[in-house]
Every structure is written in C-alpha cells, then in structure tokens.
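I opened a new notebook page for this protein. I wanted a first look before going into details.

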Amino acid sequence: QLLNSIELDLFKNIAAELFSKEESQVSNQERDFSKRLIYSLMYGMGVYELQRTLELPSVTEARSVMQKLKNRFAVLKHFLETYATQLRQQNCTVVT
C-alpha cells in the first residue's frame, strides 16, 4: 500500500541531480532534457549526436553532461561501459 502511494518521476529525479536542485524546483524543460539525455545514452548515442539532439553549444559540453550523469549514477556508467565493450568486440565503432 505504501509503495503504491509514492509518486516517483525518474526523469525529474535525474534532472534534479544534474542541475543540483530540489525535484520540486525542476522545470519541464529540465525534465525533458534529462529524458532525452537518458534515452539518447541508452540507445548508444555518441557525443556528436548527443550535442545535436540536446541542442548543446559544443561537443565539449555534451561530453561534460554525459560525464556528470555517469558520475552521479554509477549503475548507468557500468551499463554504458559494458555495452560499449560488447559493441567494440563486435567491431563496431563507439564514440564516447
């Protein structure tokens, strides 16, 4: 019963971590940004495409956002690194 009453918005939670603010202070744009970031990384998007998708001013900033997310969420970092290793073993090009 208690678990059913807890409302969790994963993307808002991630945005709060990324933007260093309380969840209640996260804007819809920040939530959308975190959602696009997560899905982009889960689908294996590299920094160049990430920059374009998130409309960031530079590849350096895209790399910084990606690194910040990986630093805050170790499980995601492990998943992405494992996935990248598997792709490299299949002779795929992986850009991080």
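My entries below run from the whole chain to single residues.

**Overall**

I noted at the start that this is a predicted model. I looked up the secondary structure and found six helices and zero strands. Read along the sequence, the pattern is α-α-α-α-α-α. Next I checked burial: of the 96 residues in the protein, 28% are buried.

**Helix 3 against helix 5**

Two packed helices are described by the angle between their axes and the distance between the axes. For helix 3 and helix 5, I found an angle of about 85° and axes 12 Å apart. Angles of 65 to 115 degrees count as roughly perpendicular, so helix 3 is roughly perpendicular to helix 5. I then listed who meets whom. Helix 3 brings Phe33, Leu37, Ile38 and Leu41, and helix 5 brings Val65, Met66 and Leu69.

**Met42**

I found Met42 in helix 3, which covers residues 28-42. Its relative accessibility is 34%, so Met42 counts as partly exposed.

**Lys70**

Is Lys70 buried or exposed? I placed Lys70 in helix 5, residues 59-72. Lys70 counts as buried because its relative accessibility is 12%, and the cut-off for buried is under 20%. I also checked Lys70 against Glu81: they sit eleven residues apart in sequence and 9.9 Å apart in space, C-alpha to C-alpha.

Conventions. Residues are numbered from 1 along each chain as its sequence is written. This is a predicted model: local features need pLDDT of at least 70, side-chain atom pairs count only at pLDDT 80 or more; totals for chains, interfaces and linings use all residues. Side-chain values use heavy atoms; hydrogens and water are left out. Helices (H or I, at least four residues) and strands (E, at least two) are DSSP runs, numbered from the N terminus. Buried means under 20% relative accessible area, exposed over 50%, partly exposed in between (1.4 Å probe, protein chains only). Axes are lines fitted to C-alpha atoms, for helices over the stretch in contact, and angles run from 0 to 180 degrees between N-to-C directions. Angles under 35 degrees count as roughly parallel, over 145 as roughly antiparallel, 65 to 115 as roughly perpendicular and the rest as oblique. Contact means heavy atoms within 4.5 Å.
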